[in-house]
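Thanks for coming. I will go through one model today, starting with the chain as a whole and then turning to its parts.

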Amino acid sequence: TSDSPLRIESGDGYVGIKFKDPDNDDNLFYRGDIQAFYFTGERLGVNTASPSTELHVKGSGEIFRIEDSSATGSPFMSFFQDGTRRSLIQHLDSDNLLSLVSEYGGIRFMTATDGTELERMRITSAGRVGVATTSPISRFHIFTGAGTSNSETLVIDRASTSDYTGVSLATAGTVDWSVGM
């Protein structure tokens with residue numbers, strides 16, 4: 001037709017295009033019965049002619065979206081290693097929670113100011129939380145390190161002098177001991 005500069009038809013719903021040069025083959029396949037594209041070759045670029053990884057998407061604003069087709073769905077993205085799911089990121093609709101799941105280990109949080117990432121917090125597979133330590137020895141472990149100039153390891157701040165701020169220790173929900181101001 002006049003609005004189709006290139007038209008390829010197939011009776012079985014599979015259409016393929018092979019691009020061949022002396023160094024490699026790249027293929028693009030379209031499967032019409034499920035409206036899916038299959039790309040073969042080393043890299044796929046979307047909005048870039050020179051992808052630097054297996055999938056390289058270039059754009060501005062929202063670049064990547066995972067959307068569940070159900071209004072009450074819980075979309076997720078899985079990470080596999082050698083055929084085994086190792087971790088996932090999921091939005092749980094029922095509680096409006098974002099879940100970071102490591103199925104074979106812990107989760108670490110890193111930050112950087114000069115391009116060199118440093119681990120700042122870790123949650124181990126045993127449920128221990130470490131701040132400034134990679135090996136927490138209790139449920140919540142803060143490590144200040146040698147030569148730390150800031151002596152304030154933990155700060156509990158209150159909005160005004162009329163608000164109570166404190167720390168309480170409890171057994172089965174009953175406060176046994178409190179300190180505060």
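**The chain as a whole**

The protein chain exposes about 14800 Å², and carbon and sulfur atoms supply 52% of that area. Accessible areas here come from the Shrake-Rupley method with a 1.4 Å probe, and for residues only the protein chains shown count as cover.

Two notes on the source. This is a predicted model, in which local features need pLDDT of at least 70 and side-chain atom pairs count only at pLDDT 80 or more, while totals for chains, interfaces and linings use all residues. Residues are numbered from 1 along each chain as its sequence is written, and side-chain values use heavy atoms, with hydrogens and water left out.

Of the 181 residues in the protein chain, 9% are buried. The cut-offs are these: buried means under 20% relative accessible area, exposed means over 50%, and partly exposed is in between, with a 1.4 Å probe and protein chains only.

What share of the contacts with a separation of 6 or more comes from residues 24 or more positions apart? In the protein chain that share is 0%. A contact means heavy atoms within 4.5 Å.

The protein chain has 14 strands and zero helices. Both are DSSP runs numbered from the N terminus: helices are H or I with at least four residues, strands are E with at least two.

**The sheets**

Next, the pairing. Strands of a sheet pair through backbone hydrogen bonds, either parallel or antiparallel. Two strands are taken as paired if DSSP finds at least two bridges between them.

Six bridges join β7 to β8, and L88 has V101 in β8 as its bridge partner.

Another open sheet has four strands, in the order β9-β10-β11-β12, and its pairing is mixed. Here β9 (107-111) and β12 (140-142) stand at the edges with a single partner strand each, so one side of each has no neighbour in the sheet. Strand β11, residues 129-131, runs parallel to β12 and is joined to it by three bridges. V131 stands opposite I142 in β12.

Towards the end of the numbering there is a hairpin. Strand β13 (residues 166-171) and strand β14 (residues 174-180) run antiparallel and are joined by six bridges. T171 has T174 in β14 as its bridge partner. Two residues lie between the strands of this hairpin.

**Two loop residues**

Most residues other than glycine have a negative phi. A172, in the loop between β13 and β14, has a positive phi near 50 degrees. A172 counts as exposed because its relative accessibility is 83%. N96 is not a glycine either, and its phi is positive at about 50 degrees. N96 sits in the loop between β7 (84-92) and β8 (97-102), and it counts as exposed at 58% relative accessibility.

**Charges and a nonpolar patch**

How many salt bridges does the structure hold? There are five. A salt bridge is a side-chain nitrogen of Lys or Arg within 4 Å of a carboxyl oxygen of Asp or Glu.

E62, R65 and E67 are linked in a network of salt bridges. The N to O distance is 2.7 Å for R65 and E62, and 3.4 Å for R65 and E67. R65 is exposed with a relative accessible area of 53%, and E62 is exposed at 53% as well.

E103 and R85 form another salt bridge, at 2.7 Å from N to O. E103 lies in the loop between β8 and β9 and R85 in strand β7, so this pair ties together parts 18 residues apart in sequence. E103 is partly exposed at 34%, and R85 is partly exposed at 28%.

Last, V46, L55, V57, I63, F64 and I66 make a nonpolar surface patch of about 520 Å². Patches are made of residues with over 30% relative accessible area and no salt bridge; like charges are joined within 9 Å, and nonpolar side chains (Val, Leu, Ile, Met, Phe, Trp, Tyr) within 5 Å. I66 is in the loop between β5 (55-57) and β6 (76-81), and is partly exposed with a relative accessible area of 39%.
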